[in-house]
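Here's a walk through one chain, taken a piece at a time. Have the sequence and the 3D view open as you read.

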Amino acid sequence: MSGTSTVYENTIAAIFDRLSIFFTEGTLTELYNDIPAPVLSVGEKASKKPMSVIIDNMPSKSNAEASDKTIRLSDTFSVHISIAATDRSKDKARHICLAYVDCVTNAILAEWSLSGVVERALPGIESSETELLSNKDNRATAVVSIECTVRGTALAPYKEVLNGSTYKKDIA
């Protein structure tokens, strides 16, 4: 990949970096007794691993907003995190999955600007379910959606390009 990273890529990297701090055996065991650390990754759609936390590498639900009163532009988008836990016991699979959801939520809320990458990041559970697999294991899954808002300060280079182009002449 060449060129400058986008705000979306920077946000996904910041979420991964944040969760990497928490999803280690030592930290997770300190916060949640007897909860195994999951495989943490970016971009995979589904994992065959029994315990996984996967950050989607494409944002969704993006919309830009402008306010006449403050002349401030912002973009809000969502990053989805798929969580899965598998165990013979349905209750244990559910318990582990909910511990991962709790950890993701609190890791983001502990400092919701993701070290200044976004203005704010607000997590919420989008969906969750349990299922019995063909091998008689139980799998609990959840999707946490992190709604991120960034200011439109990065528009300056685009305005410069427009001002230097024939754009104004074309609409005159």
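This is a predicted model: local features need pLDDT of at least 70, side-chain atom pairs count only at pLDDT 80 or more; totals for chains, interfaces and linings use all residues.

## Helix α1, end to end

How far apart should the ends of helix α1 (residues 7-22) be? At 1.5 Å a residue, its 16 residues should span 22 Å.

Now for which parts of α1 are tucked away. The buried residues in the helix are T11, I12, A14, I15, R18 and L19. They take up an arc of only 160° around the axis, so they lie on the same side of α1.

## The chain as a whole

Stepping back, the chain has five helices and six strands. Going along the sequence, they come in the pattern α-α-β-β-β-β-α-β-β-α-α.

The chain runs to 172 residues, and buried ones make up 35% of them. Then there's the question of how far along the sequence the contacts reach. Taking the contacts with a separation of 6 or more, 60% are between residues 24 or more positions apart.

## Where α1 meets α3

Two packed helices are described by the angle between their axes and by the distance between those axes. For α1 and helix α3 (residues 90-109), the angle is about 120° and the axes are 10 Å apart. The crossing of this pair is right-handed.

Which residues do the touching between α1 and α3? From α1 come I15, R18, L19 and F22, and from α3 come C103, V104, A107 and I108. Sorted by type, the residues of this contact are seven nonpolar, no polar and one charged. I15, R18 and L19 also turn up among the buried residues of α1.

T11 is another residue of helix α1. Is T11 buried or exposed? With a relative accessible area of 0%, T11 counts as buried, because the cut-off for that label is under 20%.

What does T11 touch, leaving aside residues up to four places away in sequence? The list is F77, V79, L114, V117, V118 and C148. One of these, L114, comes up again below.

## Two residues with positive phi

Two loop residues are worth a look for their backbone angles. L114 lies in the loop between α3 and β5 (120-132), and its phi is near 50°, a positive value in a residue other than glycine. L114 has 2% relative accessibility, so it counts as buried.

D34 belongs to the loop between α2 (25-31) and β1. Phi of D34 is near 60°, again positive in a residue that isn't glycine. Here the relative accessibility is 69%, so D34 counts as exposed.

## G43, between two strands

G43 is in the loop that links β1 (39-42) and β2 (51-55). Its relative accessible area is 25%, which means G43 is partly exposed.

How many residues separate G43 from I55 in sequence, and what is the distance in space? They are 12 residues apart along the chain, and 6.0 Å apart from C-alpha to C-alpha. G43 also touches I55, along with I54 and N57, when residues up to four places away in sequence are not counted.

Technical notes. Residues are numbered from 1 along each chain as its sequence is written. Side-chain values use heavy atoms; hydrogens and water are left out. Helices (H or I, at least four residues) and strands (E, at least two) are DSSP runs, numbered from the N terminus. The expected span of a helix is 1.5 Å times one less than its number of residues. Buried means under 20% relative accessible area, exposed over 50%, partly exposed in between (1.4 Å probe, protein chains only). The arc is that of the directions from the helix axis to the C-beta atoms. Axes are lines fitted to C-alpha atoms, for helices over the stretch in contact, and angles run from 0 to 180 degrees between N-to-C directions. A crossing is left-handed if the near helix is turned anticlockwise from the far one by less than a right angle, and right-handed if clockwise. Contact means heavy atoms within 4.5 Å. Ala, Val, Leu, Ile, Met, Phe, Trp, Tyr, Cys and Pro count as nonpolar, Asp, Glu, Lys and Arg as charged, and the others, Gly among them, as polar.
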